[in-house]
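Welcome! Take a moment with the picture before reading on.

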Amino acid sequence: MIIETQNLKKLYRTELVETTALDEVNLGIDAGQFVSIMGPSGCGKSTLLHILGLIDTPSDGTYRFLGEDVSRYAEPRRAAIRKKNIGFVFQSFNLIDELTVYENVELPLVYARTPANGRQAKVEAVLERMDIGHRRDHFPGQLSGGQQQRVAVARAIVNQPNLILADEPTGNLDSEHGAQVMKMLVKLNEEGTSILMVTHSAENAAYGERKIRMLDGRVLADDQPGRPS
């Protein structure tokens, strides 16, 4: 099992109010699954994704990643696990405007301290895989939205992570480019990468083999519909 949570809670406190973002969330996700998480705005799905991606920590409960209890790890230790095991794909692409396509994709390898002589082959291979190699020397502002998201996916997988976390990955794309990104995620999943995707789109959610619905910080329903052809 790649992800396991028990009674996971996340509270946000100010001087005047306490907000429960996650309330007793229990999940088990097997390696190799494609899981879609749905729910209205404010239901806790992005908070859950941030905790599962080791960007944030729970207020209470247990989170095991690859069998290891990571619930209370400090940021340096969480960062080390993230770099090695998790790739992120965001709605807003989160590319660095001042870096070329090649440099954006190379960045996770730099952070992971991959030797320079080993980075080039990995970056070039993943750019070709995402069909964006011909744009390697362009900057993000010179690309279409669909091309930028392909670069973002390339950056997410260049380290060959065990898990990809996708937060509304087609939210800024038209339907044609959105479908292309979804097919890329399906292909990555078929090759063995676990995918956990937050989406408002029922059409996109249907690409997952399993669909989780959230409401008010809780898991409302958890099913495993068939994936469309």
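**How the helices pack**

The axes of α3 and helix α5 (residues 145-157) cross at roughly 30° and come within 7 Å. Because angles under 35 degrees count as roughly parallel, α3 is roughly parallel to α5. Keep in mind that this is a predicted model.

**α3 and α5**

- Looking at the handedness, α3 passes α5 in a right-handed crossing.
- On the α3 side, the contact is made by V101, N104, V105 and P108, and they meet V151, A154 and R155 of α5.
- Sorted by class, the contact of α3 with α5 has five nonpolar, one polar and one charged residues.

**α3 and α4**

- Helix α3 (residues 101-111) also packs with helix α4 (residues 116-129), at an angle of about 125° and with the axes 10 Å apart.
- That angle makes α3 oblique to α4.
- Here too, α3 passes its partner α4 in a right-handed crossing.
- From α3, the residues V101, Y102, V105, E106, L109 and V110 meet R119, Q120, K122, V123, E124, V126 and L127 in α4.
- The residues of this contact of α3 with α4 divide into eight nonpolar, one polar and four charged.

**The two sides of α2**

- Which residues of helix α2 (residues 75-85) are buried? They are R78, A79, I81, R82 and N85.

Note on methods:
Residues are numbered from 1 along each chain as its sequence is written. This is a predicted model: local features need pLDDT of at least 70, side-chain atom pairs count only at pLDDT 80 or more; totals for chains, interfaces and linings use all residues. Side-chain values use heavy atoms; hydrogens and water are left out. Axes are lines fitted to C-alpha atoms, for helices over the stretch in contact, and angles run from 0 to 180 degrees between N-to-C directions. Helices (H or I, at least four residues) and strands (E, at least two) are DSSP runs, numbered from the N terminus. Angles under 35 degrees count as roughly parallel, over 145 as roughly antiparallel, 65 to 115 as roughly perpendicular and the rest as oblique. A crossing is left-handed if the near helix is turned anticlockwise from the far one by less than a right angle, and right-handed if clockwise. Contact means heavy atoms within 4.5 Å. Ala, Val, Leu, Ile, Met, Phe, Trp, Tyr, Cys and Pro count as nonpolar, Asp, Glu, Lys and Arg as charged, and the others, Gly among them, as polar. Buried means under 20% relative accessible area, exposed over 50%, partly exposed in between (1.4 Å probe, protein chains only).
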